[in-house]
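Notebook open, model loaded. I am jotting things down in the order I looked them up.

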Amino acid sequence: MFDYSVVMLVIVDPSVEIALPIDLDGAMAAALREAAGEPFVIPDEGDDPGFDGADTHLADTDTGVWQDRAHALDAAMAVTVGEPAWTLDTLTDAAKATALIAWTEYREIGAMHTYLAKHGKPEPSARGVRMLDIEMQCAARVAMSQGLAQHQAEKWLSEAIAMRDRLPRVGHQLRTATITPRQFRLIVARTELIDEQQWAPQTDAAIAAVLARRAGAGTWSAKRLTDMVDRIIFRHDPDAVRRRRNKATDARSAWIVPGADGMATLGATMTAENAAIAYTTVRSLAELVCPADPRCPDARTSDALFALVTGTAFECDCHQPACTAAIPTPDTLTAWLRERQDTAVANGRVLVHVIADQATIDGRHDEPAFMDGHGVISAAHLRELLDRDDVRVRPLHPRAHPADPTPMSLPTHLASDPYRTSTALDTYIRTRDGYCTIPGCDQPAWHCDIDHVEEYDHTNPTTGGQTTADALSTKCRLHHNLKTSDNGWLDDQYRDHTGRLISEVISPEGIHFPGPAETNTVLFPALETITWHTPRPDTTPPPAQRITRTRNRTKAKHARRRAERATNRRLRLAHESDGDPPF
């Protein structure tokens with residue numbers, strides 16, 4: 001952190017030759033008040049009297065909040081530093097101001113709609129094509145004042161009405177900057193189902209409660225946020241969810257959109273599982289080319305899709321006489337696809353992973369399920385999947401004997417290698433995490449690596465990095481490489497004083513980024529009841545080899561990382577014991 005005990009900075013505007021003072025002390029104080037939630041007191045200096053001679057409008061708490069958030073940006077308006085801590089603090093302060101601006105815009109647009117609904121006059125259009133209703137006329141005012149198209153203004157209006165009528169408590173979370181305007185729009189889109197439902201206020205309260213509880217204690221990526229909203233909605237009214245899904249399934253379609261430079265986009269809507277299987281099939285065909293093929297993976301996939309739907313040949317583009325690619329011809333392609341799918345089913349190769357409670361599978365309740373790469377799905381969707389011939393159900397936590405109700409303890413690693421995860425633990429980690437655990441990343445868990453958060457000590461595993469459930473997490477290849485590089489990035493994962501599994505990332509400058517706000521343990525609480533074998537010590541004698549300088553450097557780096565994690569955990573847990581939030 002910077003030492004802000006500087007009296008004043010000035011910016012000189014050469015056009016007017018007047019020094020513009022920037023109060024850094026005041027800006028810092030405003031930022032601290034905002035973080036603590038303290039009100040901003042504006043003195044009544046009588047320089048802006050209302051009609052009664054008093055500054056009555058300044059008593060509005062919204063004005064105080066805005067003054068604090070704007071004042072917190074004074075320092076950033078004065079000078080650009082570029083140091084990461086400064087920049088990220090500035091982005092945080094700017095996000096708070098942006099959230100309040102968005103909330104104010106929604107509130108005012110909603111208020112104008114209320115006013116026009118009371119005093120306006122809806123009329124049919126001259127040709128009777130469309131009602132010039134209050135919504136259309138209200139949006140027209142917004143569109144003309146902001147230079148927007150009518151449909152853009154109508155979307156803005158619908159979001160404002162949603163905050164006013166459907167999601168007032170979630171709207172308050174926008175005002176307090178617990179969520180961003182982008183996240184609020186995402187929640188609005190996912191809650192259209194609850195419009196005019198009796199349980200809409202309970203859903204609004206439940207979503208807002210989760211957001212408030214996790215404020216500052218985790219990061220909401222787009223997928224984790226929609227999963228949370230869907231989970232709450234699916235639990236409130238499974239019948240409404242089932243009706244909406246049936247309607248969406250009936251509305252599936254295909255289309256083409258012309259693009260620039262002689263290109264176009266071909267698209268289709270279908271069930272999530274069919275889309276995943278179709279895409280996997282196309283990718284499988286695209287990967288049959290030889291290593292010398294010059295096309296990028298996306299271009300190969302596009303060509304493979306065209307070949308599949310048209311029945312034409314898909315060929316390797318290396319143009320080498322000795323090309324090693326073995327690609328089926330058009331007349332054998334259908335048989336190749338069928339054989340590939342039958343072989344995958346026979347060998348237990350999973351194309352789509354779906355996680356569900358046993359009680360939902362048995363029909364004893366309607367708890368939502370989770371589909372890898374898609375997110376939360378309804379119980380009705382799950383039961384449709386169970387009717388498929390290519391579906392196989394496997395218990396994640398099997399029993400030792402069918403007559404024994406007590407689940408068995410599961411191994412954490414392979415018997416031959418304490419570093420390698422067992423199949424049970426690999427599946428558990430991906431089920432629990434759902435996605436890459438780096439803040440903001442939504443790469444599906446089954447497309448990620450399983451990472452030892454604390455580096456595994458191959459010489460003496462008991463000193464750190466053992467293969468256990470709490471010591472592993474999913475990371476996409478990009479973020480896995482970032483963490484294991486020598487650039488100074490560090491991540492950690494541990495249980496807080498409530499027993500909740502916490503993860504965070506620390507930048508080379510020491511900036512802490514909180515990990516996911518939620519994992520799938522909220523959707524499947526039974527995950528926390530699974531028991532695991534205690535990892536056995538590695539008794540395999542190390543191979544005889546010369547200890548190189550590289551190995552010494554690696555061991556020193558891992559020891560340094562373990563020490564830094566231990567220090568960070570002590571500080572975090574000490575703050576939690578004082579009543580502070582986890583982050």
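I started with Arg169, which counts as partly exposed because its relative accessibility is 45%; my cut-offs are buried under 20% relative accessible area, exposed over 50% and partly exposed in between, with a 1.4 Å probe and protein chains only. Its salt-bridge partner is Asp204, and the closest N and O atoms are 3.9 Å apart. For a salt bridge I require a side-chain nitrogen of Lys or Arg within 4 Å of a carboxyl oxygen of Asp or Glu. The pair links distant parts of the chain, with Asp204 in helix α9 (residues 200-213) and Arg169 in helix α7 (residues 168-175), 35 residues apart. Helices here are DSSP runs of H or I with at least four residues, strands are runs of E with at least two, and both are numbered from the N terminus. Asp204 is buried, since its relative accessibility is 0%.

Ground rules, before I forget: this is a predicted model, local features need pLDDT of at least 70, side-chain atom pairs count only at pLDDT 80 or more, and totals for chains, interfaces and linings use all residues. Residues are numbered from 1 along each chain as its sequence is written, and side-chain values use heavy atoms, with hydrogens and water left out.

How many salt bridges does the rule give? I get a count of 27. I looked up Lys475 and Asp451, whose side chains meet at 2.7 Å, N to O. This pair also links distant parts of the chain: Lys475 is in strand β13 (residues 472-475) and Asp451 in strand β12 (residues 449-452), 24 residues apart. Both Lys475 and Asp451 are buried. I also noted one network, in which Asp293, Arg295, Asp303 and Asp317 are joined by salt bridges that share partners.

Arg364 and Asp362 form a salt bridge too, at 3.1 Å from N to O. Is Arg364 buried or exposed? Arg364 is exposed, because its relative accessibility is 57%. Asp362 is partly exposed at 44%.

**Rings**

My search of the whole structure turned up 4 aromatic pairs. Rings of Phe, Tyr and Trp (its six-membered ring) pair if their centres lie within 6.5 Å; planes under 30 degrees apart are stacked, over 60 edge-to-face, and the rest tilted. Tyr428 and Trp532 have ring centres 5.2 Å apart and planes at 70°, so I logged the pair as edge-to-face. It links distant parts of the chain, Tyr428 in helix α17 and Trp532 in the loop between β16 (512-514) and α19 (549-577), 104 residues apart. Tyr428 is buried, with a relative accessible area of 3%.

I found Arg175 over the face of Trp103, at 5.5 Å from the ring centre. That call needs NZ of Lys or CZ of Arg within 6 Å of the ring centre and within 35 degrees of the ring normal.

**Thr431**

I stayed with helix α17 (residues 423-433), where Thr431 is found. Thr431 is buried at 1% relative accessible area. Where does the side chain of Thr431 reach? It goes to the backbone oxygen of Thr427, at 2.7 Å. Not counting residues up to four places away in sequence, Thr431 touches Ile355, Leu396, Trp446, Asn520 and Leu527; contact means heavy atoms within 4.5 Å.

**Cores**

The largest nonpolar core has 63 residues, and those with the most contacts inside it are Val170, Ile187, Leu211 and Met228. I define such a core as a set of buried Ala, Val, Leu, Ile, Met, Phe, Trp, Tyr and Cys residues joined through side-chain atoms within 4.5 Å. Leaving aside neighbours within four places in sequence, I see Leu211 in contact with residues including Val170, Ile187, Trp220 and Met228. Another core, of 12 residues, lies apart from it, with Leu285, Cys290, Ala304 and Ile327 among them.

**Helices α16 and α11**

In helix α16 (residues 379-386) I marked Ala379, Ala380, His381, Leu382 and Leu385 as buried. The buried residues of α16 pack against elements including α11, α12 (272-286) and α15 (358-362).

Helix α11 (residues 238-250) holds Ala240, which is buried at 4% relative accessible area. Ala240 touches Leu193 and Trp199, leaving out residues up to four places away in sequence. The C-alpha atoms of Ala240 and Leu193 are separated by 7.7 Å, and the two are 47 residues apart along the chain.

Conventions:
Polar contact = N/O pair within 3.5 Å; in protein donor to acceptor, adjacent residues only side chain to side chain.
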